[in-house]
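Biologist: I would like to learn how to read a protein model. Could you walk me through one?

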Amino acid sequence: MFWIALLIVLGLLFLLAEILVLPGVSVGAALALVCDGCAAYMAFAWFGTGTGIVTLAVILSLSLILTVYALRAKTWQRLALNNKIDSAGNASPKDDDVKVGDRGYAVSRLSPMGTVSLNGRNYEAKSADAYIDQKSEVEVVGFENANVIVRRVN
């Protein structure tokens, strides 16, 4: 009886793995089917028809209950990451007082896009003409969407 119960539990675990971890792969479903089939066969062979039918009913009902429980929305909400990201990577020049003519320096190489520091804040920037090396002094010459257009100060 221990081996039958063990095979049923393994079959349920493989079914759960198929639903939650390996959807579409069918390895878990195949292993669950093999375990449950072996458990049913052993119940019929060792204990007779009555116990075999009860074992089949237990396997089917537990599999159905597990599947319904695993597919409920609350189950997925418990497994999902619920953190909210409240910050942005770089500031927007539209929100700050960045004006044409402001000077700063290149935080990263602009080839042609990169990051610049203006007035103590970092912004996504685009080089107006040539590549600009890191730590070079830059000057704001315009704006495009949320990007600052800069040129190297000679």
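Modeller: Gladly! Keep in mind that this is a predicted model. Let me begin with one detail: α1 and α3 cross in a right-handed way.

Biologist: Which residues of α1 and α3 meet?

Modeller: From α1 come I4, I8, L12, L15, L16, I19 and L20, and they meet T55, I59, L62, S63, L66, T67, A70 and L71 of α3. Sorted by type, this contact has twelve nonpolar residues, three polar ones and no charged ones.

Biologist: How is a pair of packed helices described?

Modeller: Two values are used: the angle between the helix axes and the distance between those axes. Here, α1 (residues 2-20) and α3 (residues 49-71) pack at about 25 degrees, and their axes are 10 Å apart. Angles under 35 degrees count as roughly parallel, so α1 and α3 are roughly parallel to each other.

Biologist: Now let me step back. How many helices and strands does the protein chain have?

Modeller: The protein chain has four helices and five strands. Along the sequence, their order is α-α-α-α-β-β-β-β-β.

Biologist: What share of the residues is buried?

Modeller: Of the 154 residues in the protein chain, 32% are buried.

Biologist: Which residues touch the most other members of the largest nonpolar core?

Modeller: That core has 15 residues, and those touching the most other members are I4, L7, I8, L15, A39 and I59. Two or more residues each are supplied by α1, α2 (27-47) and α3. Another core, of twelve residues, lies apart from this one, and V98, L110, A125 and V140 are among its members.

Biologist: Could we zoom in on I59? What is I59 in contact with, beyond its neighbours within four places in sequence?

Modeller: With those neighbours set aside, the contacts of I59 are I8, D36, A39 and A40.

Biologist: And is A43 buried or exposed?

Modeller: To decide, look at the relative accessible area: under 20% means buried. A43 sits in helix α2, and its relative accessible area is 0%, so A43 is buried.

Biologist: What surrounds A43?

Modeller: Beyond its neighbours within four places in sequence, A43 is in contact with I4, G48, T51, G52 and T55. Take T55 as an example: A43 and T55 are twelve residues apart in sequence, while their C-alpha atoms are 6.7 Å apart in space.

Biologist: What part of the contacts joins residues 24 or more positions apart?

Modeller: Among contacts in the protein chain with a separation of 6 or more, residues 24 or more positions apart account for 46%.

Terms used:
Residues are numbered from 1 along each chain as its sequence is written. This is a predicted model: local features need pLDDT of at least 70, side-chain atom pairs count only at pLDDT 80 or more; totals for chains, interfaces and linings use all residues. Side-chain values use heavy atoms; hydrogens and water are left out. Axes are lines fitted to C-alpha atoms, for helices over the stretch in contact, and angles run from 0 to 180 degrees between N-to-C directions. Angles under 35 degrees count as roughly parallel, over 145 as roughly antiparallel, 65 to 115 as roughly perpendicular and the rest as oblique. A crossing is left-handed if the near helix is turned anticlockwise from the far one by less than a right angle, and right-handed if clockwise. Contact means heavy atoms within 4.5 Å. Ala, Val, Leu, Ile, Met, Phe, Trp, Tyr, Cys and Pro count as nonpolar, Asp, Glu, Lys and Arg as charged, and the others, Gly among them, as polar. A nonpolar core is a set of buried Ala, Val, Leu, Ile, Met, Phe, Trp, Tyr and Cys residues joined through side-chain atoms within 4.5 Å. Buried means under 20% relative accessible area, exposed over 50%, partly exposed in between (1.4 Å probe, protein chains only).
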